[in-house]
Amino acid sequence: MTRLNRDDDEVFEKIDVNNMTFWQKIDAHLSNIAFYQIVFSLPFAYMAVLLANKMHGLTTDWWTVLWVTTTIVAARSAALALDNMIDLKYDKDQPRFNERPMVAGLITHRDVYLLLAICFAVLIFSVLQLNPICIKLLPVAALPFIVYPYMKRLTCLCHYICGVAVAMAPAGAWVAVTGQVEYPMVVLFLAVVLWIGGFDVVYGAQDEKFDKAHGLHSMATLLGAKKALLLAKLTHVATLAVFFYLGQLFGLGYLYYIGVGIAGGTLYYQHRIIDVRGFRAFTRRYYVHNGIVSVAIFICTLLDVLLHG
């Protein structure tokens, strides 16, 4: 999954690994799972709840919102911890990742296994509070998270599998409300897959030489970084087209399209800054800016539904 780069980890440089406080360990865990990137998942999950309620004439069940939130937080935390542990042998060879918590020794395999056990318990408990079909579909929803860490070893489509994993958040939230897999849910799912997939293509392009040297796959190793970045731009154009279609599908008003417009402007800026500054533009701020896409579209969808029904 899209994860931290070195700029995010520099705060750990002066920590004594053998004398970490409880809160330092918690902070290291939060960095290891890139917790702030939850902004990529939760807004679209809430949007799914909102649109599912609108489509079926339901009122918001706040308990459902709570359990959807804890489910996504637990699933994503476990997935990122697992991903970092599986990729550790490669991360140790990547100079940009010298200060990542696991590479720096701040988080051990034992720490990860403990976190995985906690997340798994929270995940199962949370899913059991939702629509009964959710626990039956949990293996399907979990599959992309489990296989993704291995995909760079197998296929250049790994970026879009990352997108599938993130898009399970709105898909799962929709099913939690309706108990059904429905066409509008698939459209929202596709939009998120393309958004994250395109973003991950950009992220992976900076590692073209490293990936080739280690036998890993990405769009950059297949096409070259320049063509991979062009593919990412085209993917994001498709993303905006799918979001536009989603608005048509639900009969949403101008406020929703303002959100899509903000998302489009954000994506343009993200690609433009890479064109101008190169991959050194990849900082924590760059990641946070990408979160504007999900936040803007959700907030504008919420305002549109509240004002126009």
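Seven salt bridges are found in the structure, which is a predicted model. Three of these pairs are described here in turn, each with its place in the chain and the exposure of its partners.

In one of the salt bridges, aspartate 87 is paired with arginine 153, and the closest N and O atoms lie 3.4 Å apart. Aspartate 87 belongs to the loop between helix H4 (62-86) and helix H5 (88-91), while arginine 153 belongs to the loop between helix H7 (132-151) and helix H8 (158-178), so the pair ties together parts that are 66 residues apart in sequence. Aspartate 87 counts as buried because its relative accessibility is 10%, where buried means under 20%; arginine 153, with a relative accessible area of 24%, is partly exposed.

A second pair is formed by the side chains of aspartate 207 and arginine 96, which meet in a salt bridge at 2.5 Å, N to O. Distant parts of the chain are linked by this pair, since aspartate 207 is placed in the loop between helix H9 (183-205) and helix H10 (208-213) and arginine 96 in the loop between H5 and helix H6 (109-128), 111 residues apart. Aspartate 207 is buried, its relative accessible area being 6%, whereas arginine 96 is partly exposed at 21%.

A salt bridge also joins aspartate 211 to lysine 152, with 2.9 Å between the closest N and O atoms. Because aspartate 211 lies in helix H10 and lysine 152 in the loop between H7 and H8, this pair ties together parts that are 59 residues apart in sequence. Here aspartate 211 and lysine 152 are both buried.

When neighbours within four places in sequence are left aside, phenylalanine 243 is in contact with Phe44, Leu188, Ala191, Tyr256, Val260 and Ile297. In soluble globular proteins, nonpolar side chains tend to be buried together.

The contact of H13 with H14 is made up, by class, of 19 nonpolar, seven polar and one charged residues.

How values were computed:
Residues numbered from 1 in each chain as written. Predicted model: local features only at pLDDT ≥ 70, side-chain atom pairs only at ≥ 80, totals over all residues. Heavy atoms only, no water. Contact = heavy atoms within 4.5 Å. Nonpolar A, V, L, I, M, F, W, Y, C, P; charged D, E, K, R; others polar. Salt bridge = Lys/Arg side-chain N within 4 Å of Asp/Glu carboxyl O. Helix = DSSP H or I, 4+ residues; strand = E, 2+ residues; numbered from the N terminus. Buried < 20%, exposed > 50% of the residue type's maximum accessible area, 1.4 Å probe, protein only.
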